[in-house]
Structures are given as C-alpha cells and as structure tokens.
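Dear colleague,

Please find the structure below. My notes on it follow.

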Amino acid sequence: MKDSYFAVAETDELGSELVKKVINYYDFLSVSGLMVIWRNSYNQYFKATKHLGQIVSTGEVDEFSALYINHYRSILQSILSITVSQRPTYDARAINNDYESQAQTKLSVGLLDYYMREHRLEKFIVEAAEFAIYLGEGFVIQNWNPLAGKEYGVDENGNTIRNGDIEFSSCSGVDIIRHPYLKKFEDRVWLIHREYVNKYELAAKYPEKYDEIVNSSEERTRIMDDFMDYYKIIDQDVIPVYKFYHEDTKAVPGGRYTEFIISGTILFDSQLPYSKIPIHPLFYNGLYGTPFAYSVAFDMLPIQTALDSLNSTIQTNQENFGVQSITSARGSNISISEIIGGMNLIYYDGKFAPPAPLNLLSTPPEIFNQRDSYIQAMETISGVNSVNRGNPESSLKSGSALALVASQSLQALQGYQTRYIQLLEDCGTGIIEILKEYATVPRIATIVGKMNVPFMREFKKDDLSNISRIIVDIGNPLSKTIAGKAQIADTLLQYGMISSPDQYIQAITTGRIDNITDPKQRQMMLISQENESMQDGIPVQALMTDNHSLHVQEHKTLLDSPEARKNPMIVQTVLNHIMEHTNLAATGNPILFGMLNYPPPIAPQQPPDSKGSVQNVKNAQQAEPGNNTKMPSMPKNPMNKQQYEIPSGGQLSG
C-alpha cells in the first residue's frame, strides 16, 4: 500500500486505510490545538450548560461568586441574524434562452423553493451559518436516498420501490475529515463525513453485515473527538458511520464513494454517484495555509473570559457587603435589639462615638469602566455595534444617525455574507444536479405557480436538462419597510408595469411584484415559443387577447437576417402570422384592448381616391373653408393586394 494511492485499494484493504485517515485527523486536531479552540468556543457559546442558570460559587472555600453575562453569544447571534435575516431569492441560469430553457428555469426556481419549504433546506443552511460563526466552519451535506420519496411500484420480490429523494444534513468541521496539511480547503479531492446513527437501523439497511455492525462500538477513552470536555457514556445503540467521497480524478477515474464503520468494515463501495462531492462548505474566514477556518469568535474568547472575571468581582463584592454592618465602640451599652427594625431611640455613653455603618460596598469605578471597555472591544472586533444589539448610545438621537451606524455593521460583515450567498448557490446547484441525475421516475412536487398559489407539478430529470447554474439574490431590506414598498410601487407605476389600483395596493401592502411581472414574462415566453415554431415552418395562431403590437415587433425580428429571408417557408409563415395580428388589431374591440391595458391599435387608413387625396381629409377641408392646406398623397401600403393576394382561406401568397 505504501507504493500506491490508498483511494484505489481493493475493497477488503480500503477499510483499514480509511480508519487511519480518521484517527490521524483527530490526532491532528488535538496536537494542533484546533480542538481546544473549538471546545472553548462551544463551551462559551453554550455557557448556560456549565453554570446551569445559577451564580456559581468558586474558590477554595466558595468565597467567590462567579457571574457569567454572555455578551459573546449575544454578539455572535447578532452576526447570524444580520446574515440570514433577508430570505434568499433563487434564480436559475439556463444554457440558452429558448422557450424550453425558460420554462425549465421557472420549474427549477419552483423546485428550489419547494425544497427550502418542504424539506427544510433553509434550516440546515442556517445551522451551517451558525457553526461557521462560532466554530469557523459549517457544512451542508446533500445525498440521494433511493429509499426515500413516494411509493410507485414493487419489484419481483414484492418489495416496495420508491422514487427516491434528496436528504439534507449539516455539521461542523469536527465531522468533516480531510487531509490536514493542504494549503486550502478547495484543494481537497476527498472528504469523509461522520454521522451518528442507530446501529440496528444501519444493520437493517446492510443485513449481510449485521454482526459486524451490532458488535461495533466507538472507543472514546483514547481520543476526545468532539466538543465535550468530559467522556461520554457509551450508548450501545448509537455508533458513527463514515462516508468517504473521492472526486473523479486521473488517479481515481470515476471517483469513489464508500461507507464504513470504525472497525474498518466496508458497508458499501462504488464509484462516486455525483458529479462533485455533495458537501458544501461555509467558512467565516480561511486560516491561511491550512484547509481550516478562522472565526472572529476566536479573538473574542479571551475578552469574554476577562469580562466574566470582572462581573464576578463586582458580584462577589455586592453579594458579600451589600447588607451593611454597623460599628459601635465597646462599652457603649448598645444592644443588637436596639438597632434592628429602625425608627428606634438609641441611648449610648457620650464618652463613645455613636454607632455608624461600615461601608465596604464601594467597588472601584475603574472596574466598571474596564468592563464597559471590554464590551466595546468585542463589538469593535466583531463589527457588530450597540445599535444592532438594540442598545444604542445616548449620543445617537436621530434616525439617520442610527441608520448610518447600523449600516457600518453590514459593511463589516459583507465578506461573510458573500460566502453565505455562495453556500446558498452551491446548495441550489447541487439540488438541480442531483435531480438531473436521479429523477428518472416522474415525480410530483408542490411548487409555486400562478399568482403564487402552490400547485402540483409533475417532472423528471429531462425537464431540468438545460439548467447550468443557480444564483441567489438577497432581498433588499428597503422592500421590508412601508416607505420602501411605496417606492417600489411608484416606480412600477411610473414605467407602466402597474395597470390597476389593486396591483398598486398589493405592491404596497405585500412588497411582492411577482403577480405584476409574471404576466409580462409569460407573454414574452409565448412569443419566444412561437418564434421557434415559425423558424421550423410550423404555423401558430394569434388570438384576440394577444398584445398585437408587442407580438408583431418581436415576430418581425425573425426576418431581420438574410438567411431567413432566403427561406420562403419561414417568410411565408411569419408574414401570415403577422397579418393575423394586423387583422385582429384592426377589427378588435377597443373596450377589450382597454381592459387588457394594451396600446390602442392604429386605425386602418383608407386608400387614396382617384385624385390622390384622402376622402376624410377632403371632407374636413370642405368643412373649413379657410383651410387651404394641400395634403400630400398617402403612400401605398406594401401589404395591399397590389403585392399580396389574400385568399379566402386566410393564407398569404406572393
């Protein structure tokens, strides 16, 4: 094995090699200190699991009171909220812009919305984003499960056959095993994903390996490979299963996918069933020269520790000396009963000073100032200010000042938001790629259809063949405000996109413009489909409800190339269809055009009389004796019967 690449080993030898990769990875995490950082950040982020919601007594004789105020988690939660607050809007990119490709982009967008809603993909993406904030890196894993989905038949043995579906999960870097000495994560050609499963369910999936699986256990006393700083009690029912992915490379043609357990037993082995490894990373920042990540949370950890110390000092002092003691000279003859209760007349020997409070409560102001400076330092380092946390400084009075300060956080987090959008795009593209490969059986999904009402749509992989890439747009925060919605509605009204008061009100109240833009888009898709048909010489039909002016303008572009004009079939088909629109526009009902908000058709012009003047113009001149303007003769209509004879069948002939 030393002279060959481990990833091309025979199945019976591969298991032991993969186990070595797992052990070496966790040893590296321990030696390098990465596990210590991850564990400290985990413990601070979930601090309540340590103090259990109590003030903790510490010290040799429990003389100190430890008070934990977790600004660390609060600031990191603000980063997460700023990053994921605007829901993503998916858009599909097709190979070209023909009608079929445009229709597939609509289907793809609807499917992605379906997976975000019904399969809770958004939940796993947000979890990965949270992992990346406090642990530096998070991952979303997508796998095709042939045993999922709807039942659609039975095999020859009577077993139920399902159409399969995509399953999602998320994890942190502790569960993504990689080569630890790469220069950057993108250089990896293989990954191992660890997840915990019920071993009896796993054994039912691989019955031929039943004994090896149910007798497997994980040795937790040798390596601590998770965030807990204590050894877990071994759960006999739950074991880790490891999934090895290798890219399709020259060294490993076709790639490789292997499932195994810690004993080295191989459960499944095949070529990589995907075009790429279906594990999508999100790094807060890259740790230069390594395949690992670095988070601003790591820089905040010691500050939070110092802040906890100061808060504990203040709490200890307040708790121990908050109830004042009273001093009294010996021999003053003052008893405790005379002091208790207040409003008492106390007699004391005049030779001694009266009883006085012993004030030990005062805490130096430097401690409070230092505490506040630590909080400000954490906000400065993270890029999250007091305005984003709902506690603006008293000097910020105006709304514009608050908006300016809040916008500075958005700029500071721009890099992480960009990487978050890339994760969304990678997940969306991954879904389409998997469906293009495995959605062989027609399946039904509830996707967003006309007027944003969910409807059932049947599809299979061929319906997605032209989709090449998914991109993501993050919603504009302006659209969430009343003023922003009004501005959007006014802009649409200005450009003629809004044709009714109902649409204007909808844009203001909901901020959604799909119902306004979709009809226009569907009209253009229809025109594109008609153009494709006419290029093949296939006649298409015009209807009285069409936007005739728009159709004519778009259809005439088919005749703008010399090649098309040399093809009589294309010329004839296009001119016939344009004439249909012309006739419908000339004879159409103006009331209908007004209801459809189409531009009014130009009234048909009367042919010139024998004297070369237009009859209605002549009548107008006669009605105005003082008008001696001579009107020029109207040009001949190139589409009149002098050039084309229109037979009774409606077909145009030269």
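Lys123 is partly exposed, with a relative accessible area of 43%; here, buried means under 20% relative accessible area, exposed over 50%, and partly exposed in between (1.4 Å probe, protein chains only). This is a predicted model, in which local features need pLDDT of at least 70 and side-chain atom pairs count only at pLDDT 80 or more, while totals for chains, interfaces and linings use all residues. Residues are numbered from 1 along each chain as its sequence is written, and side-chain values use heavy atoms, with hydrogens and water left out.

Lys123 forms a salt bridge with Glu127, their closest N and O atoms being 3.0 Å apart. A salt bridge is a side-chain nitrogen of Lys or Arg within 4 Å of a carboxyl oxygen of Asp or Glu. Glu127 is also partly exposed, at 26%. Helices (H or I, at least four residues) and strands (E, at least two) are DSSP runs, numbered from the N terminus.

A second salt bridge joins the side chains of Glu137 and Arg178 (2.6 Å, N to O). Glu137 lies in strand β4 (residues 137-145) and Arg178 in the loop between β8 (176-177) and β9 (190-198), so the pair ties together parts that are 41 residues apart in sequence. Glu137 is buried, at 1% relative accessibility, and Arg178 is buried with a relative accessible area of 1%.

Across the whole structure, the search finds 12 salt bridges.

Yours sincerely
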